[in-house]
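This report describes the packing of selected helices in a protein chain, together with a few residues of local interest.

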Amino acid sequence: MGLREVVERTPGLRTLLDNAYRLYGRRVELHLAETPRHIGVILDGNRRWAKATGGTTAHGHQRGADKITEFLGWCDETHVQVVTLWMLSTDNLSRPAEELVPLLGIIEDTVRGLAGAGRWKVNPVGALDLLPQQTADVLKEAAQATAHIQGITVNVAVGYGGRHEIADAVRSLLQEHAGRGTSIEELAEILDVEHIAEHLYTKGQPDPDLVIRTSGEQRLSGFLLWQSAHSEFYFCEAYWPAFRKVDFLRALRDYQLRHRRLGL
């Protein structure tokens, strides 16, 4: 059993460490000067957290969902403007029904909760046509209900894949120009990256300054492939349900210490 599992299974030790990390977190927070406008998060490790703590897969997904509101509160405190949460990939849609159906239910409840809080603007990003109709409807209703809110824009990435997004953007671009009567030859002459960017799920938003992935995995797995060209990446060992404010503050501190050249 690893140290992480020992801590999770020992409440007294976990409380002691939580208190120490809370004090450390306050110290880190005092020295933060610059925070990202847009943070993307790959919410990874729910199933492994559940296994490590003796719970079910559904319990792990629920604890991961419960962490989202807490995380958005930290983003409010640090004046982040946009957050993209990758909750379900297009690849995840092929998981067994006994896992996928409860997970979709958890996502639906979470999205309803975010909309009901009245604090954040919920913006679905993903291929809604690949989702069950009920899930797609919940996402659309949340977007409509929060369209007027001035708080953080929360991109809820459900049924999301980076390659799929780029394909959708190109398809939308071609359809738009076909409607205008533009020929393929004419489009080829004028096409540039901004034309495609205008058709992404995140059009009109700043690209992510910082992308955080939990669980220790160090890859993007297709997350915001186009938008993350100049993003900073932070890989955290904690599983998403165990992600703490101090982990978040460390990510912000690490981001602040980097010299961002943005390709220059």
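The sections below cover the basis of the values, the overall architecture, helix packing and individual residues.

## Basis of the values

The model is predicted: local features need pLDDT of at least 70, side-chain atom pairs count only at pLDDT 80 or more, and totals for chains, interfaces and linings use all residues. Residues are numbered from 1 along each chain as its sequence is written, and side-chain values use heavy atoms, with hydrogens and water left out.

## Overall architecture

The chain contains ten helices and six strands; these elements are DSSP runs, helices (H or I) of at least four residues and strands (E) of at least two, numbered from the N terminus. Of its 264 residues, 45% count as buried. Buried denotes a relative accessible area under 20%, exposed one over 50%, and partly exposed the range in between, with a 1.4 Å probe and protein chains only.

Among contacts in the chain with a separation of 6 or more, 76% join residues 24 or more positions apart. A contact requires heavy atoms within 4.5 Å.

## Helix H5 and its surroundings

Helix H5 covers residues 97–117. At 1.5 Å a residue, its 21 residues should span 30 Å, and its end C-alpha atoms are 30 Å apart, which agrees; the expected span is 1.5 Å times one less than the number of residues. Just after H5, Gly118 adopts a positive phi of about 70°.

The buried residues of H5 are Glu99, Leu100, Leu103, Leu104, Ile106, Ile107, Glu108, Thr110, Val111, Leu114 and Ala115. Their cover includes helix H3 (46–52), H4, strand E2 (82–89), strand E3 (121–125), helix H6 (133–146) and strand E4 (153–160).

Two packed helices are described by the angle between their axes and the distance between the axes. Axes are lines fitted to C-alpha atoms, for helices over the stretch in contact, and angles run from 0 to 180 degrees between N-to-C directions. The axes of H4 (residues 57–77) and H5 come within 10 Å and cross at roughly 20°. H4 and H5 are therefore roughly parallel to each other, a term for angles under 35 degrees; those over 145 count as roughly antiparallel, 65 to 115 as roughly perpendicular and the rest as oblique. On the H4 side, Thr57, Ala58, His61, Gln62, Ala65, Ile68, Thr69 and Leu72 meet Glu99, Leu103, Ile106, Thr110 and Leu114 of H5. By class, this contact of H4 with H5 has seven nonpolar, five polar and one charged residues. Here Ala, Val, Leu, Ile, Met, Phe, Trp, Tyr, Cys and Pro count as nonpolar, Asp, Glu, Lys and Arg as charged, and the others, Gly among them, as polar.

For H5 and H6, the axes come within 9 Å and cross at roughly 10°. That angle makes H5 roughly parallel to H6. Leu104, Glu108, Val111, Arg112 and Ala115 of H5 make the contact with Gln134, Thr135, Val138, Leu139, Ala142 and Thr146 of H6. The contact of H5 with H6 has six nonpolar, three polar and two charged residues.

## Residues linking separate parts of the chain

Val122, in strand E3, is buried at 2% relative accessibility. Val122 lies 21 residues from Ala143 in sequence and 5.1 Å from it in space, C-alpha to C-alpha. Apart from neighbours within four places in sequence, Val122 is in contact with Val111, Leu114, Ala115, Ala142, Ala143, Thr146, Val154 and Val156.

Asp76 belongs to helix H4 and is partly exposed at 27% relative accessibility. Asp76 and Gly151 are separated by 75 residues in sequence and by 8.3 Å in space, C-alpha to C-alpha. Residues up to four places away in sequence aside, Asp76 touches Arg119, Trp120 and Ile152. Thr78, in the loop between H4 and E2, is buried with a relative accessible area of 7%. Beyond its neighbours within four places in sequence, Thr78 contacts Thr35, Phe248 and Leu252.

Ser221 is partly exposed, with a relative accessible area of 39%, whereas Leu224 is buried at 1% relative accessibility.
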